[in-house]
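Subject: Structure for your reading

Dear colleague,

Please find the structure below, together with its sequence. My notes on selected helices follow it.

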Amino acid sequence: MTMFHFFNCAILTFGPHAVYYSATPLSEYDTLGTSIKAAIVYLGTALVKLVCLATFLKVSETDSFDPYQELLKALIGFVDVAGLYFALTQLTHRNISQNHKFQAVGLGWAFADSVLHRLAPLWVGARGLEFTWDYILQGLEANANLVLSISLAALGSLMWLRKNKPKTLIPIIYLCAGIVATMPSITSYLRRGLGWHLPKVVGFELFTSLVMAFISWQLFSACQRPST
Amino acid sequence: MAQGKRQVMESMFPVIELVVIILACVELCGAATVVDVYRLIQYDIAGVPFGSRLAALNHHAASTHFPPGSDLSRTVLIIPFRDLNISFVKEYISQRQPLGGLLFLLPQIFSYENKDGIGRNHQDHEREQIKNVLAELEQLLVHSNIPYPVYFAFEDSDIEAVLADIKRNDVTGQPATATTGGYKLVVSVPEPRKVASPTITNIQGWLPGLKSDGDNQLPTIAIVASYDTFGAAPALSVGSDSNGSGVVALLEIARLFSLLYSNPKTRGRYNLLFGLTSGGPYNYNGTHKWLRSFDQRLRESIDYAICLNSVGSWDNELWIHVSKPPENAYIKQIFEGFSNVAEELAFKVGLKHKKINISNPRVAWEHEQFSRMRVTAATISELSVAPELLERTGGLVDSRVFTNETAIIRSVKLIAESLVRHIYGHQEKETVTFADNSSLAVNPFYIRSWLDFLSRTPRVAPFMSKNDPLVLALQKELEEHTHEVSLQHEVLDGMFTFYDSSKARLNIYQVASVTFDLLLLLVLGSYLIVLFSFLVITTRGLDDLISIFRRPPSRKVKTA
């Protein structure tokens, strides 16, 4: 029965990635290679972040919110953005339209994130007899993360790959990208500083991810209009 | 080329194996609550089984409010002390109703680790009531043959919360099973095995008397106490009163007389033999073997023996139990000596006579073993009636909180003064050798520290090895006060057989039912299908979605 629960949580955490890949035209254009390359880049950035965190952060005994430490963590979080930039611009892709490129990169990025952060706790924890809601919430978080990654990739591709953008939209694009990039710091502030419980935090993440996805979709289609 | 590839593959195998092993060995996630539990004793008397016959547990939990008529053969009943209904338990056991297991929750005052003194403020009559109910439960469990695991645990906040939850579920009429979720109790221990050759160890020490020229053999006075216990939960059988109090009194008497005997000018003309025997609950088997090991001369030189049994919780009256008739001259002399001293100390001493029946293997008092070997002996005890087999042997209820060190101090005074008067031949009354505030005063701190120590040490003989720390501690203490301390290791008589596994850790898991996971699967399946359809519609259009589900048009039409 507990393997059953593990299976359920696994399909909640990783299922949407597979569904996204097969449902959208990504599967038709065979963009799997791009996703895999993006996943490897994520691995590299994760290692770099780990080294930076280990070097610069000090271990805090309490679970409280320390603004200085959080600021440091946010700065290190921008390594993420650098990695995404690298994946979007530097990797040689086959002839894939921009539309599909950012989706593939975002998908690979989110999948690697889920596997690295959520697979091990799932394997160790969800198979036990003891039942907790944690793993289901973790799966929902993975879903929110997928949406956020794709939005960030979309905004990233707008910033770095598209040359002609309407001038008025540029600050909005950068602002949205900034918000999405600092999401981890925001959630950790909510969890520690304000003391929100996990379900509330996950709900907030889902809501903001949908909002940001909608905004970035609007921005993307707005930028696309001049070229058509 | 192929060789190189094969080599690479071969070198990968150990890594892959290691990864697989690590993944497989990851233990089941820790439980929400882990509790120390103590198993009911499992033993046989002459092949007849008693006690709880199983140790491993893996069932759902239910409280006493279970819906009547439900099948409990795969459930564990958790019974806290305040819900304990002895007649219900008696009925269940005597009718041999199938049950997955029993878990009794005991009040914290019985825990010897209870350092916070929880429950010390109970009223006296409340405590008496608790004591009586538990004593009854203990006797019931110890003399029944129970084919499922029975465990004891102490009430604490974690297990109380779990129990409250279980009660709530039970009241709604939904017993916990695999399909409805609830709590699962798991104790994973191997099957209990027989304890092979249980050893009992007797410890003896001598205080030799003053031998003047012309004396062949000085007479001996023996002071004996048995130190082991027996109870429903062997890991909790600390026997504070039965017979921790006797052991403590013996040690204090040894200390006082060693002071007296240290100076040859004050050494008496009697040898003193101190014996700490084991095997007490089993018809004083150890005492019997100890006496058998004496040679004839030694046995004949014993003037009389004083056995101590439970002197820790009396108020006004102690009893001297003898097996020779009270008209006997020796008995009269001994009794008079004791009652004179008792009068001075302001309490009473009574004499009880119980004939021994050599053909009956039951030995109710320790002095009876001496009497069977024709040595005059008496037992000093607060009990007025001989206990039955395996009764009052230091079980569950016999904890430190019910034992009174003042009672032990008074007993020591009684015995020490009487002995001194006998040894030194003091005829006048009112000579107090062991007066308070003298150098020979009874030391209350010594008594308290030894009583506390013994009340924290479970002492069931079959579970104590030859080099048990307690045995070594008692030996060392006797060596401080006496000379020629020796240990005698014997094997407990074959009539009693014991099984191990007396302590375990209970894991309490909160499990979700299978229906919950099935529902979850349904919800997830529909979520993924909706997500799929949504994405197909928004990116490729509705027609594509429909085309996925429509079979391609049959080509047979064309051939027509």
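In helix α5 of chain B, the residues V247(B), L251(B), A254(B), R255(B) and S258(B) meet L474(B), E477(B), L478(B) and H481(B) of helix α12. Please bear in mind that this is a predicted model.

Two packed helices are described by the angle between their axes and the distance between the axes. For α5(B), residues 240-262, and α12(B), residues 469-481, the angle is about 25° and the axes are 8 Å apart. Angles under 35 degrees count as roughly parallel, and α5(B) and α12(B) are therefore roughly parallel to each other.

On the α6(A) side, the contact is made by L169(A), I172(A), I173(A), C176(A), I179(A) and V180(A). The α8(A) side contributes M212(A), I215(A), L219(A), A222(A) and C223(A).

Finally, consider helix α1 of chain A, residues 2-23. Its 22 residues should span 32 Å at 1.5 Å a residue, and the end C-alpha atoms are 30 Å apart, which agrees. Is α1(A) mostly covered or mostly exposed? It is mostly covered, since 16 of the 22 residues in α1(A) are buried.

With kind regards

Definitions and conventions. Residues numbered from 1 in each chain as written. Chains lettered and ligands numbered in written order. Predicted model: local features only at pLDDT ≥ 70, side-chain atom pairs only at ≥ 80, totals over all residues. Heavy atoms only, no water. Helix = DSSP H or I, 4+ residues; strand = E, 2+ residues; numbered from the N terminus. Expected span 1.5 Å × (residues − 1). Buried < 20%, exposed > 50% of the residue type's maximum accessible area, 1.4 Å probe, protein only. Contact = heavy atoms within 4.5 Å. Axes fitted to C-alpha atoms, helices over the stretch in contact; angles between N-to-C directions. Parallel < 35°, antiparallel > 145°, perpendicular 65-115°, else oblique.
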